[in-house]
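Hi,

Here is the structure I promised to pass on. Have a look at it first, and then read on for my notes.

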Amino acid sequence: MEGLLKGKKGIIFGALNEKSIAWQVALKARENGASLVLTNSPVAVRMGSINELAEETGSKIIAADATRMEDIENLLHQSMEIFGGQFDFILHSIGMSPNVRKDIPYEQTNYENMLKTFDISALSFHRILQTAYRLDAIREWGSVVALSYVAAQRTLTGYNDMGDAKALLESIARSFGYIYGRDRKVRINTISQSPTPTTAGAGIHGFGSLVDFSERMSPLGNATAEECADYCVVLFSDLTRKVTMQNLYHDGGFSSMGMSLKAIEQYQKSFDECDCDEKHKG
Ligand SMILES: NC(=O)c1ccc[n+]([C@@H]2O[C@H](COP(=O)([O-])OP(=O)(O)OC[C@H]3O[C@@H](n4cnc5c(N)ncnc54)[C@H](O)[C@@H]3O)[C@@H](O)[C@H]2O)c1
């Protein structure tokens with residue numbers, strides 16, 4: 001796969017530390033010949049280890065809060081200066097829910113928090129796409145990818161308002177995918193990734209059990225951050241020029257499963273350990 005992005009240039013949002021999916025994407029994109037601009041919120045740039053990634057990949061860092069239009073405009077202007085004009089790809093790898101962080105359950109949601117969840121995790125994608133469209137920043141046959149999760153389609157306990165945010169994110173990819181395809185010949189897709197042990201992932205209530213459950217349910221097992229990075233590279237490459245407006249599952253088959261042998265065996269064990277009369281009821 002080496003050299004798939006030779007000569008291509010792109011912006012990577014969301015590399016906080018080496019566990020971040022965006023971190024792995026930056027490494028693989030660089031390995032494949034791409035030049036990068038890395039970005040994250042000002043606080044993440046200060047607190048995280050993005051400097052190490054910038055050094056390793058020979059990239060510039062431009063801090064931008066993805067909820068602030070002026071930050072996004074500045075980021076895109078500066079990136080175009082660095083790249084000497086248009087560039088080829090963008091990775092949106094941003095997610096945060098104050099409700100999840102504060103353990104406020106969905107049925108008691110705080111609407112200010114919920115709006116922040118949508119702003120950070122979904123509207124940021126619209127903001128980036130709108131600004132890039134206005135600046136005509138993405139080259140013909142370019143590619144934009146945002147990271148999503150199956151909770152956009154199916155309810156998973158604990159995922160809270162992030163499920164709604166991901167549904168919005170995927171819808172924005174389709175809505176802008178039409179406009180970008182029609183006017184600019186640029187692709188826009190979302191990748192729906194397996195649960196992955198990262199800083200954002202670990203914030204989800206019961207995340208360890210979720211990882212274990214989807215591992216047992218997926219015929220190919222959970223997809224890792226590195227594997228997700230491989231898929232991103234393919235979607236940024238010229239091998240997928242007619243793939244657009246799709247939500248692409250990268251989850252070892254989880255999203256098509258109902259029940260697996262491995263999961264049912266574990267489920268059965270919980271009954272075997274319990275000696276209550278009602279154990280097989282329902
Ligand atoms: N980890 C998982 O289980 C999983 C599964 C499917 C999809 N995803 C998605 O992958 C993406 C990346 O998450 P991750 O798991 O690598 O975790 P992560 O914590 O490493 O990355 C999340 C990033 O969002 C950034 N961010 C938060 N607020 C921001 C703001 N206002 N402006 C700019 N950036 C901001 C953070 O600084 C961080 O770098 C997210 O969209 C997440 O929802 C994660």
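Which residue in S5 is the bridge partner of histidine 92? It is alanine 146. Before I go further, please keep in mind that this is a predicted model.

- S2 (residues 35-39) runs parallel to S3 and is joined to it by 2 bridges. Valine 37 has lysine 60 of S3 as its bridge partner.
- S1 and S4 are parallel too, with 3 bridges between them.
- S4 and S5 pair in the parallel sense over 5 bridges, and the histidine 92 and alanine 146 pair from my opening question is found here.
- S5 and S6 are parallel as well, over 6 bridges. Serine 143 has its bridge partner in S6, namely arginine 187.

As a reminder, strands of a sheet pair through backbone hydrogen bonds, either parallel or antiparallel.

How covered are these strands? In S4, 6 of the 6 residues are buried. S6 has 7 of its 7 residues buried, so the rest of the structure largely encloses it. You can see this on both sides of S6: Arg187, Asn189, Ile191 and Gln193 point one way, Ile188, Thr190 and Ser192 point the other way, and all are buried.

H1 is mostly covered, with 8 of its 11 residues buried. Those are Ile21, Ala22, Trp23, Gln24, Val25, Ala26, Lys28 and Ala29. Just after H1, glycine 33 takes a positive phi of about 100°.

H1 also turns up around the ligand. The ligand is surrounded by 26 residues, the closest being Ser20, Gly95, Thr198, Ala200 and Gly201. The elements giving two or more residues to this shell are H1 (21-31), S5 (138-148) and H8 (199-202). H8 gives the most, with 3 residues. By type, the shell residues divide into 12 nonpolar, 13 polar and 1 charged.

A few loop residues deserve a look while you have the model open. Lysine 185 has a positive phi, near 55°, in a residue other than glycine. Its place is in the loop between H7 (162-184) and S6. Lysine 185 counts as partly exposed because it has 14 C-beta neighbours inside 10 Å; a residue would need 20 or more to be buried, and 12 or fewer to be exposed.

Methionine 245 also has a positive phi, of about 65°, although it is not a glycine. You'll find methionine 245 in the loop between H10 and S7, and it counts as partly exposed with 17 C-beta neighbours inside 10 Å. Glutamine 246 lies in the loop between H10 and S7 and has 18 C-beta neighbours inside 10 Å, so it counts as partly exposed. From glutamine 246 to leucine 220 there are 26 residues in sequence and 22 Å in space, C-alpha to C-alpha.

That's what I have for now.

Cheers

Notes. Residues numbered from 1 in each chain as written. Predicted model: local features only at pLDDT ≥ 70, side-chain atom pairs only at ≥ 80, totals over all residues. Near = placed C-beta within 6 Å. Helix = DSSP H or I, 4+ residues; strand = E, 2+ residues; numbered from the N terminus. Nonpolar A, V, L, I, M, F, W, Y, C, P; charged D, E, K, R; others polar. Pairing = 2+ DSSP bridges.
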